[in-house]
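Dear colleague,

I am passing on the structure below, and I would be glad if you could look through it alongside the notes that follow.

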Amino acid sequence: MFSPTLINWKLILNQNFILMNQNKTHTFALTTPLYYVNGVPHIGSAYTTIIADAIARFKRLKGDEVMFVTGTDEHGQKIQRTAQEKGLNPQEHCDAIVSSFQELWQKLDIQYDRFTRTTAKAHESIVKEFFERVWQKGDIYLAQQKGWYCVACEEFKEKRELVNEHYCAIHPNKEAEWRDEENYFFRLSNYQEKLENLYTEKPDFIQPESRRNEVLNFVKQGLQDFSISRVNMDWGFPVPHDPKHTIYVWFDALLAYITALLEPECEPTLENAISKWYPFNLHLIGKDILRFHAVYFPAMLMSAELPLPDHVFGHGFLTKDGLKMGKSSGNTIDPIELVNRYSCDAVRYYFLKEIEFGKDGDFNETRFVNILNADLANDLGNLLNRTLGMLNKYCQGNISDLTGENIAQDNPLKKMSLELTNRVFKAYDHLQFSQGCEEILTLIRICNKYIDDSAPWKLFKEQKQTEVEQILYSILESVRLSAYLLSPIIPNLANAIYQQLGFEVDFNNKNNVKLSELFTNHSHWGKLLINKDLPKPQPIFTRLEMPEK
Ligand code: MSP
């Protein structure tokens, strides 16, 4: 039976849930994983965060209200040991590393709304309240835990997950540690059927399909209860009824998504945390932490009687030159160095355009430089520069009496562009950024061919001024629309293009109410109006050079 407090809770939650669903169409809440602070951010953390940022920017561009959460996972043995090795107390260590994450997000123009830290005071209250609810539900019990523990994964491993007797298959250089201790367990086994029903009733809960199948196979083998406390380890929150135990880092970290939703001034209660944005629409994660998000977390939420997120998307891994990246193989990429060398937009573009989302993808510097030069410097940048040059030369920079209406219906650029927004938005809605970019780049390549085929320089000599103006207009308008559609991916380049076309728009200003106006005014072809002097044409993207070896 439920206790009276739980019944009230259920009522409040149901009411909130109905209200939330009524308001849901125009809000979107998403998260990145909360990154371990055992070291400075690596390219894998940058990858997930760039994608999440592109999604958030896209949703804002469509006029949705967005809550984008990222943050850090700071407890547990791994962090405690790293701090010890450095001779620092864990909190000092965490504070130092957290600022390197924040610095990277700034460099990459990541526009998160909340940065949540598991060491925050408010988080402790949320974790305790949540633990208490699961405890009241009868889903926590004390038992003996025997097994091999991988500190790098912060996870007990089953025999079949180990290689060479007791080395973790994910961290083959790291010996798993034998543990034989009393732990508190969560009754995951109680949720076998409920989880199976969830996956059947909401087939898109886990994406993509391949990851969903992985989870279904895992669950089919039968769910085992898992331990949610540790002994002899105090870097974390104490278990409410038994403080010699520390709450397991994953149990604590997953709840920090919820803590993140607390308004800064609010009392840290679950009720307050879930009052506006909860439940999340999307948890974006890497494939290695799928089980925690698609199995353990929903079961924990069911136990606490909280609504479940809409989707969990497990993306693939990045390799370097075809090899797994790792400190021991000495082939990691420092994201800060990459941004400093090539710019934030270049890095964002490569990850979003060149790697098919969901699958593993490779980073290769030669390919990086070639793609960026081909797509952004040549196809897009040169097209704009060259067309603006012709606008000055043949029309004195002035085509103020033209709008999209004046361009013939059978103009190939107009025909294609009228369809473009729908196609790109559809791709972005399915998180297929690579396909969205490809659609846009196809238009840009057709523009390049169109300018060569229609040869405005010849038409100018033949004094066909109207034709010249219409050609230049249709190209510039296609570039403008492309910049608008690329703005979630390359916001700074989109700004530069807009500026060259005489607009005062800042795609980096997320609080700009103008963004939703932009959606109405700019999301379709035909909106360009060149009615004032344009700034002097400038190359928007300088060709990249490979560093000398
Ligand atoms: N702290 C946990 C997450 C807790 S969420 C409540 C964690 N942190 S992590 O820092 O180790 O990993 C964060 C994310 O980075 C994971 O989604 C992981 O998949 C991702 N990546 C780590 N290496 C990666 C690549 N080489 N490529 C792409 N993503 C990778 O797990």
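A polar contact is taken here as a pair of N or O atoms within 3.5 Å; within protein, one of the two must be able to donate a hydrogen and the other to accept it, and residues adjacent in sequence count only if both atoms are side-chain atoms. Please bear in mind that this is a predicted model, in which local features need pLDDT of at least 70 and side-chain atom pairs count only at pLDDT 80 or more, whereas totals for chains, interfaces and linings use all residues. Residues are numbered from 1 along each chain as its sequence is written, and side-chain values use heavy atoms, with hydrogens and water left out.

On the ligand, a backbone N or O atom of Gly-286 lies 2.8 Å from one of its oxygen atoms, and a polar side-chain atom of Asp-288 lies 2.4 Å from an oxygen atom of the ligand. A polar backbone atom of Leu-318, in turn, is 2.9 Å from a nitrogen atom of the ligand. Of the 670 Å² of accessible area that the ligand has on its own, the protein covers 91% (areas come from the Shrake-Rupley method with a 1.4 Å probe).

The ligand is surrounded by 20 residues (a residue counts if one of its heavy atoms lies within 4 Å), and Leu-34 and Asp-73 are among the closest. By class, this shell divides into twelve nonpolar, six polar and two charged residues (Ala, Val, Leu, Ile, Met, Phe, Trp, Tyr, Cys and Pro count as nonpolar, Asp, Glu, Lys and Arg as charged, and the others, Gly among them, as polar). At least two shell residues each come from β1 (27–36), α8 (249–259) and β14 (282–286), where helices (H or I, at least four residues) and strands (E, at least two) are DSSP runs numbered from the N terminus.

Turning to helix packing, the axes of α13 (residues 365–395) and α18 (residues 491–500) come within 11 Å and cross at roughly 10° (axes are lines fitted to C-alpha atoms over the stretch in contact, and angles run from 0 to 180 degrees between N-to-C directions). That makes α13 roughly parallel to α18, a label for angles under 35 degrees.

Finally, there are some backbone details. The peptide bond from Gln-207 to Pro-208 is cis, with omega near -10°, and Pro-208 is found in the loop between β9 (206–207) and α7 (209–220). The bond from Tyr-278 to Pro-279 is also cis, with omega near 0°, and Pro-279 has its place in the loop between α9 (270–273) and β14.

Best regards

Note on methods: Angles under 35 degrees count as roughly parallel, over 145 as roughly antiparallel, 65 to 115 as roughly perpendicular and the rest as oblique.
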